[in-house]
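This report takes up helix packing, the relation between the chains, the division into domains and a few points of backbone geometry. The sequence and the structure come first.

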There are 2 protein chains.
Amino acid sequence: MQKRQRKVVTLVDVAQAAGVSSATVSRVINGHSQVRDATRSRVNAAIERLDFSPNLAARMLAGAKEMRICLLYTNPSSSYLGELLLGAVTASSEVGASLVVEYVEEGVSTHYLRDKLLNQWDGIIVPPPICDFNSIQELVSDGSKPSVLLSSSMEVRRAHVMRIDDFLAARQVTEMLIAKGHREIAFIKGHPRQSVSESRYNGYIEAMSQVVENVRPDLIEQGFFTYRSGMDAAAKLLAQSDPPSAIFASNDDMAAGAIAAANKLGLSVPKELSVVGFDDSPMANSVWPPLTTVRQPVAEMAAEAVRIVRADFDNVGGSKQPLNVDMDHFIVERESVAAPHLRPQR
Amino acid sequence: MQKRQRKVVTLVDVAQAAGVSSATVSRVINGHSQVRDATRSRVNAAIERLDFSPNLAARMLAGAKEMRICLLYTNPSSSYLGELLLGAVTASSEVGASLVVEYVEEGVSTHYLRDKLLNQWDGIIVPPPICDFNSIQELVSDGSKPSVLLSSSMEVRRAHVMRIDDFLAARQVTEMLIAKGHREIAFIKGHPRQSVSESRYNGYIEAMSQVVENVRPDLIEQGFFTYRSGMDAAAKLLAQSDPPSAIFASNDDMAAGAIAAANKLGLSVPKELSVVGFDDSPMANSVWPPLTTVRQPVAEMAAEAVRIVRADFDNVGGSKQPLNVDMDHFIVERESVAAPHLRPQR
DNA sequence: CTGAAAGCGCTTACAG
DNA sequence: CTGAAAGCGCTTACAG
């Protein structure tokens, strides 16, 4: 009854190579602690040598606990969701976890989520702005299951965090504007309840402080990450007697709004006003002129998050130290920035 | 060595209930043709009665062919990708298929794709605008593997197609504008190489024909589904001596561009110009004013597509008739439409 | 057209 | 700390 000829290396092959039983190999790959160190390393060496990787179907059939990773999402990040899912789907199939996605809103009860996390999920990945919800903060600090927060500037006890350096990115963007010759650079702040807002603001201030004595407070407006709020903030900024030659908006939606505000005033971007955003959302490249902005490696973050959750889950006995991963960002230069124009006459 | 007590019904239970061997049950659920009809129905009845559903891990371990469904994607639909993936991920885990996503560009060779489809994938789902690529058309008409085209207006031999009725939706949108009192309704056409463009255009023409003798040709501009092209087209439309009171753009990006063009001319939307889009992309709700537009049930389409591919794959001996599924669309009324203003003075 | 039985590659209770 | 062995729930070659 020979079926397909064996081609892949199995746990039994490893056991033979290491001179132990297959039960022992199983214990090693599952991180059970009752294995002598010497044995463990012998097995690990064999695994390495044979390039063994366990058959997922067999593990599950044999009663291994299936791993379900939940990716939370909510409305505001819908543009962002595509990339997130892209990375997460790929990585999940790599690590043999199944991915579930769950919609949540600001109001979700901690109770509801905790129940899910305890009974249905083996780990969660939390992108912004959800990671700043109170209920999530509470939930995650339980530390009951592996959790990773994406792009959150908060430190949460017992949660892994992955983010780009928002402070640095904002500083670099501002410095780029300065290098082009701008001095009157306005800033539109992000939503006060989202943790990245402050980091970006601080980066702007840091860069400005290097070239001006005091940052003009009338060059700073509060925004809420929406197109409308960016449009309104820019309208105020541009209505001043001494208007800025550049506007740095904390995200792309607001930057697009700022362009609209400039258009309404008959100002041409970038000739008479430079505008930069943040996030490289789809809007950044569809608006006219396309926005210079900061790109986060969203898909890669999601993929890495999946791997981290998986590793944490597998690493039953191991160290439970929360990781703090820094991802690289990129400044995407498009067409919304130019050297400052002679004072716009209006 | 009793392990967890059995809770779920297995193939063996079904076999007992039906009075056949488990091999026979296996044959039935796998659609093998050499089973007597009487036996088959007895088994199916038992499956139904016991609410049996096969254990995926066991199937795979036992050598069942794993099903990999590939979802193709490309740049332009990146906003759309999130919803697509959302639906696809959920449905894939439901039907026990693994989902892989692959990036393709207009230039992909049929050869490359055919190779993948033959060797790595068991079915593909093709969203727009990819479904209009030549290489895809060729590939899919091979009929070698289950394929479903999303939102394509083309008929492709041997491929399933799911779409909303673009013609009807466009007609309804136009009729809504007409009901508000508009008569001078301009239309910005979509990319000439995408198959939905024509359906939407025809819907517009159909509705207009009911209220005007001849549709003014100077009210129709060519666009390319980009913000920029919408902006340019609208600028031309609005520069006419007898400008339209409303613009219907074939997608949201162009509609957003049209708003920008209006803003530049000092026209206020919707007071002096109504604008509607199509797709309900993220931009539709972030631009100001938010766009009235047509929403496609993208996630549901993707989910349904996954189920169809799965069914086709399983249904080894069954009928191979390509399906033609019509999904419902919705008109989302937001704030970019109003009754026509007195002739704008300019 | 159908059944008996081996085997897929693991995990884990049991027994040292 | 380790091994022998049963069992997870299917599929399929073989033998009628």
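## Packing of α1 and α3 in chain B

In this predicted model, helices α1(B) and α3(B) are oblique to each other. The axes of α1 (residues 11–18) and α3 (residues 37–50) of chain B come within 9 Å and cross at roughly 125°, and because angles over 145 degrees would count as roughly antiparallel and those from 65 to 115 as roughly perpendicular, this pair is classed as oblique. In passing α3(B), α1(B) makes a right-handed crossing.

On the side of α1(B), the contact is formed by Asp13(B), Val14(B), Ala17(B) and Ala18(B), while α3(B) brings Arg42(B), Val43(B), Ala46(B), Ile47(B), Arg49(B) and Leu50(B). Sorted by class, the contact of α1(B) with α3(B) has 7 nonpolar and 3 charged residues, with no polar ones.

## Packing of α10 and α11 in chain A

In chain A, α10(A) and α11(A) pack with their axes 7 Å apart, at an angle of about 45°, which makes α10(A) oblique to α11(A). The crossing of α10(A) and α11(A) is right-handed.

From α10(A) the contact draws on residues including Tyr227(A), Arg228(A), Met231(A) and Leu238(A), and these residues of α10(A) belong to a set that meets residues of α11(A), among them Asp253(A), Met254(A), Gly257(A) and Ala261(A). By class, the contact of α10(A) with α11(A) divides into 12 nonpolar, 3 polar and 2 charged residues.

## The interface between the chains

Where chains A and B meet, 33 residues of chain A are in contact with 34 residues of chain B. On the side of chain A that touches chain B, the elements giving two or more residues are α4 (56–61), α5 (78–95), β2 (98–103), α10 (227–239) and α11 (252–264) of chain A, and α5(A) gives the most, with 9 residues. The residues on this side of chain A comprise 17 nonpolar, 11 polar and 5 charged.

## Domains of chain A

Chain A is divided into domain 1 (11–61), domain 2 (68–164 + 297–328) and domain 3 (166–295). The centres of domain 2 and domain 3 of chain A, taken over C-alpha atoms, are separated by 30 Å, and the contact takes 9 residues from domain 2 and 10 residues from domain 3 of chain A. On the side of domain 2 of chain A that touches domain 3 of chain A, the residues divide into 4 nonpolar, 4 polar and 1 charged.

## Backbone geometry in the loops

A cis peptide bond, with omega about 0°, joins Pro128(A) and Pro129(A), and Pro129(A) has its place in the loop between β3 (123–126) and α7 (134–141) of chain A. In chain B, a cis peptide bond joins Pro128(B) and Pro129(B), again with omega about 0°, and Pro129(B) is found in the loop between β3 (123–126) and α7 (134–141) of chain B.

Asp280(A), a residue other than glycine, has a positive phi, near 50°, and Asp280(A) lies in the loop between β9 (274–276) and β10 (293–295) of chain A.

Conventions. Residues are numbered from 1 along each chain as its sequence is written. Chains are lettered from A and ligands numbered from 1 in the order in which they are written. This is a predicted model: local features need pLDDT of at least 70, side-chain atom pairs count only at pLDDT 80 or more; totals for chains, interfaces and linings use all residues. Two residues are in contact if their C-beta atoms, placed from the backbone, lie within 7 Å. Helices (H or I, at least four residues) and strands (E, at least two) are DSSP runs, numbered from the N terminus. Ala, Val, Leu, Ile, Met, Phe, Trp, Tyr, Cys and Pro count as nonpolar, Asp, Glu, Lys and Arg as charged, and the others, Gly among them, as polar. Domain bounds come from an automatic or database domain assignment. Axes are lines fitted to C-alpha atoms, for helices over the stretch in contact, and angles run from 0 to 180 degrees between N-to-C directions. Angles under 35 degrees count as roughly parallel, over 145 as roughly antiparallel, 65 to 115 as roughly perpendicular and the rest as oblique. A crossing is left-handed if the near helix is turned anticlockwise from the far one by less than a right angle, and right-handed if clockwise.
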